Structures are given as structure tokens and as C-alpha cells.
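The following note sets out points for a colleague who wishes to examine this model.

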Amino acid sequence: MNELLSKTPQEMASLVFPCSCGKTHSIDINDVRIGTHILTDIVDSLQVFQSGTVLFIADCNTYTAAGKQVETLLSKTFQLKKVIFPNSHLHPDEQALQQLRAAMNPEITAILAVGSGTLNDLARYLSYETKIPYIIVGTAPSMDGYASMVSPLITKGVKVTYNAVYPYCIIADIEIMKEAPMVMIHAGLGDIVGKYSALADWKLANILHDEYYCEATAELVEKAVHQCVASASGIMTRKPEAIQSIIEGLILSGMCIGMTGSSRPASGEEHLLSHTWEMLGLIRGQETHLHGNQVGIGTEIILHIYQYLLSVDIHKIYADGKFKLFTREKWEENITKLFGDIGLQIIEKKAPYINFTPGKREAAAQHIVEKWEQIKKDVFQAMPSPSTYRDMMDGAGSHLGPLDLKLDRESFRLSLLTGKEIRQRFGVMQMLEDLGILEEVADMITDIYYSQL
Ligand SMILES: [Zn+2]
Ligand SMILES: [Zn+2]
């Protein structure tokens with residue numbers, strides 16, 4: 001029996017426990033508060049910092065959404081130093097970080113951020129740099145970064161993920177969260193349903209490459225996904241239960257990253273696709289969708305792949321031997337065609353992890369064939385069909401699909417072929433390449449969407 005399944009994220013704060021996976025998991029977040037009308041809890045949560053000054057960070061939108069209320073609650077008993085960013089399209093970059101560094105002084109004993117993705121990332125990074133604990137008052141259930149311990153920051157135009165710290169405390173008031181822009185709530189749903197494909201990749205890596213896997217953590221994430229999917233139809237009317245399921249799922253999946261010391265439970269190929277599209281946006285100077293919305297798009301694509309794999313004849317694929325046709329030249333060409341100069345860095349980092357020799361490629365394909373029945377049972381059959389997924393997202397009012405990425409057909413196709421190269425981890429796309437069918441599957445997916453045009 002997995003005891004974790006009965007715990008809420010609030011009850012999981014500060015938990016330390018030995019697990020059947022062999023690790024002792026610990027969650028070093030002091031305090032998690034989720035509920036309706038709980039913003040006043042902030043006074044209690046910050047009590048230990050009362051002797052010093054609290055650095056109060058918000059932007060113009062989050063200040064209106066919750067910041068002003070927080071300020072009123074704290075100003076009687078706390079010394080506040082405020083940094084309110086005037087721009088609503090704040091980026092987690094050097095410039096914003098510099099502004100926060102400049103506001104720091106020796107009296108500051110806590111950093112309090114009121115916001116979601118960007119402000120949370122900035123506060124976390126500042127906390128990591130200064131060793132001053134940070135508290136986050138969430139304003140939107142839009143991403144799973146509240147409880148995670150990594151901060152993605154944009155350095156010289158490239159998004160880099162830095163190891164940072166857990167927050168000291170997370171406060172998520174459903175009254176505030178449910179008033180967030182609908183696109184941000186849909187982003188949170190997208191980030192959660194992306195766990196379907198993240199968990200599938202994790203299991204695949206475990207079956208095929210004996211990678212570390214924690215059953216208890218996987219079950220916990222699965223439960224959070226099911227809870228969100230079950231209440232997704234309540235999103236359109238901003239039902240508190242639906243919003244609470246999303247924020248609980250997001251906080252929980254962030255915790256699972258810390259518990260396992262890996263982003264495996266929360267991020268797989270759907271995230272690599274989302275990062276790829278985001279990088280393309282940066283390279284081409286084009287606006288992209290929010291992280292979670294893109295993760296949701298990536299998930300639909302990955303579910304199409306799993307559905308296809310359920311129907312293939314693996315012995316015929318092996319007998320066709322297309323895995324022998326793979327060449328380094330073609331591999332490099334696809335990457336540079338899509339990413340331009342940045343492609344060269346990607347190639348250099350990834351090349352040592354690619355099987356270029358025919359013998360190794362044959363062995364990898366054979367190994368997949370041997371494990372095929374187990375993969376089918378434990379991975380493919382556990383996935384919802386793409387049409388079930390589409391209906392659920394439509395029911396939640398989220399209609400974004402691959403065509404909304406506004407990529408030309410070839411860029412989209414190349415993103416499916418090369419998205420996996422931006423990290424060194426195994427997933428379904430690598431499995432397709434090991435079988436020699438990545439290109440034909442990418443063509444098939446591209447046709448599904450682009451033939452409608
Ligand atoms: Zn475990
Ligand atoms: Zn994510």
C-alpha cells in the first residue's frame with residue numbers, strides 16, 4: 001500500500017520517509033497552505049521573520065490580483081521593502097535579477113514573491129544566491145514550479161535551468177487562483193496532463209535501460225493527473241474544486257521532482273517539444289504560448305504516437321531493419337536545419353549519447369523487440385487515446401493544438417525529429433529512432449495536422 005496516496009500536498013510538507021525504491025525521500029518545504037480565503041495565513045507563516053525586513057516582490061498584475069491584499073495584511077506588523085515590476089511581460093532574465101539584487105540589504109530576512117512562473121523563478125534564484133528563504137503567494141495555477149527546486153532563467157537568449165532551492169512556504173488561495181486569466185489556468189492543466197507522457201517515458205527508460213524508477217512517486221503523480229482530468233470540465237466555470245485539483249497537482253508534481261532528485265516524474269518528451277518550440281521562438285523573435293499550454297500540445301502529439309505503436313507489428317519493423325539506415329550526417333543536418341548556429345552546441349553535447357555504430361544500433365533495436373510485450377502492457381495501454389484527451393481538453397475550454405504553434409510544416413516536422421536532442425535522456429522519440437521509424441512517425445503526425453490546411 002502506498003501511504004503517500006492518502007496525503008495532501010499540505011501534509012507532505014517537511015515529510016521524510018524511507019521508500020521501497022531504496023531512497024529516503026524528503027520534502028524540504030516548511031509549510032504549504034492551499035484553500036479558500038487563506039491569504040490571511042501569511043501573517044502566521046512569516047512570523048519567524050518579523051524581526052527583519054521582508055523583500056516584497058510583485059509585478060503590476062500580481063500586485064492587483066493579490067499583492068495589495070498581502071501588503072495590507074503585513075504592513076501593520078512587518079517592515080516591507082517593495083519591488084513592483086511595472087511590466088506585465090516580465091522575463092526571468094539577468095536584467096530583472098539585477099534589479100532584485102540591487103534591492104537587497106543586510107536587514108532583509110525573507111523574500112516574499114506574489115505571482116506565478118516568472119516571479120517565482122526570480123525569487124527562487126535570488127533566494128539561492130543570497131541564502132535568504134523565500135515565500136511564494138501564488139496568483140495562478142499555471143505551472144509546476146511552485147514546489148520544484150530548479151529555476152529556468154534566460155541567459156544570453158538561451159533558457160538554462162539552474163539548480164536552486166525549495167521555497168520556505170507556499171500559499172495558494174483558491175479565491176485568488178480561480179480569478180487568474182483563463183489561459184494560465186489552461187496552462188496549469190496542460191502542465192499536469194503532460195505527466196501522462198512524462199510517466200510513460202520514465203517507465204520506458206526503466207524497462208529498456210534499467211533507469212531508477214520509484215513506483216510510489218509515479219502513483220502519486222498519476223493520482224494527481226486523474227484528479228485534474230476528473231474535474232477538468234469545471235474549469236470553464238472556474239469551479240473552486242477544479243482549480244484546487246490543478247494547483248494541488250502542480251505543487252505535488254514539483255515536490256516529486258525534489259523527492260526523486262530528477263525531473264523524470266514531471267517531464268518527458270512533451271516537455272522537450274515545448275522547450276524546443278520555445279527556443280525556436282527565441283531564435284526567430286516570435287512570441288510563443290505559455291509553457292503549460294505548449295506542454296499540453298506536446299502531450300497530444302505523444303499520445304498519437306503511443307496509439308500508433310499499439311497497432312504496429314514490431315517483428316516486421318525489426319525485419320525491415322530501417323535502423324541500419326541512420327547516419328550521423330543526416331542526424332546533424334536535421335538539427336542544424338532547425339536550430340541554426342545553436343544546433344552546433346546541441347550536436348556537440350548530444351553526440352556522445354547517440355549510437356552511431358551498426359552493431360550497437362542492431363542490439364538496441366533487438367532489445368526493444370524483446371521487451372515489446374511488457375512495454376505494451378505497462379506503458380502504451382496505460383495511456384488515454386488522443387481523442388479521449390482532445391475531448392477532455394475541449395471540455396475544459398482549451399482548444400490549442402499543434403497548428404496554433406504557427407510553425408511552417410517543415411519546422412514542425414523537424415521539431416518532432418530533433419526535440420529529443422536538447423537533453424541527454426531516453427524517451428519514446430529515442431525509442432522510435434532506435435527502431436529506425438522516427439522519420440516515418442514524424443511524417444505521419446505532421447500529416448494528421450497539416451493535411452487539414
Ligand atoms: Zn521512492
Ligand atoms: Zn512543466
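1. Two strands are taken to pair if DSSP finds at least two bridges between them, where strands (E, at least two residues) and helices (H or I, at least four residues) are DSSP runs numbered from the N terminus. On that basis, strand β3 (residues 31–35) is joined by five bridges to strand β10 (residues 169–173), and the two run parallel. Within this pairing, V32 stands opposite I170 of β10.

2. This is a predicted model, in which local features need pLDDT of at least 70 and side-chain atom pairs count only at pLDDT 80 or more, while totals for chains, interfaces and linings use all residues. Residues are numbered from 1 along each chain as its sequence is written, chains are lettered from A and ligands numbered from 1 in the order in which they are written, and side-chain values use heavy atoms, with hydrogens and water left out.

3. The open sheet has six strands in the order β3-β10-β7-β6-β4-β5, with parallel pairing. Its edge strands are β3 and β5 (79–85), each of which pairs on one side only. Neighbouring strands are turned by 15° against each other on average, direction ignored; axes here are lines fitted to C-alpha atoms, for helices over the stretch in contact, and angles run from 0 to 180 degrees between N-to-C directions. Strand β4 (residues 53–59) runs parallel to β5 and is joined to it by seven bridges, with L80 of β5 as the bridge partner of V54.

4. Strand β3 is largely enclosed by the rest of the structure, because five of its five residues are buried (under 20% relative accessible area, with exposed meaning over 50% and partly exposed in between; 1.4 Å probe, protein chains only). D31, R33 and G35 point one way from β3, whereas V32 and I34 point the other way. In a regular strand, side chains alternate between the two faces of the sheet.

5. Helix α9 (residues 240–260) lies across β3 and β10, at about 165° to β3. Helix α5 (residues 117–130) lies across β4, β5, β6 (108–115) and β7 (134–138), at about 165° to β6.

6. The zinc ion (ligand 1) is coordinated by C19 (SG), C21 (SG), H25 (NE2) and C214 (SG) at 2.1 to 2.3 Å. Donors are N, O and S atoms within 2.8 Å of the metal (3.2 Å for Na, K and Ca); water is not among the atoms, so sites may look incomplete. The angles among the four donor atoms are 102 to 116°, so the arrangement is tetrahedral (four donors with all angles between 85 and 135 degrees). H25, in strand β2 (residues 24–26), and C214, in the loop between α7 and α8 (215–231), are 189 residues apart, and the pair links distant parts of the chain. H25 is buried, with a relative accessible area of 0%, and C214 likewise has a value of 0%.

7. D191 lies in helix α7 (residues 182–209) and H271 in helix α10 (residues 269–284), so the pair ties together parts that are 80 residues apart in sequence. D191 and H271 are both buried.

Methods:
Four donors count as tetrahedral if all angles lie between 85 and 135 degrees; four count as square planar and six as octahedral if opposite donors are over 155 degrees apart and all others between 65 and 115; anything else is irregular. Contact means heavy atoms within 4.5 Å.
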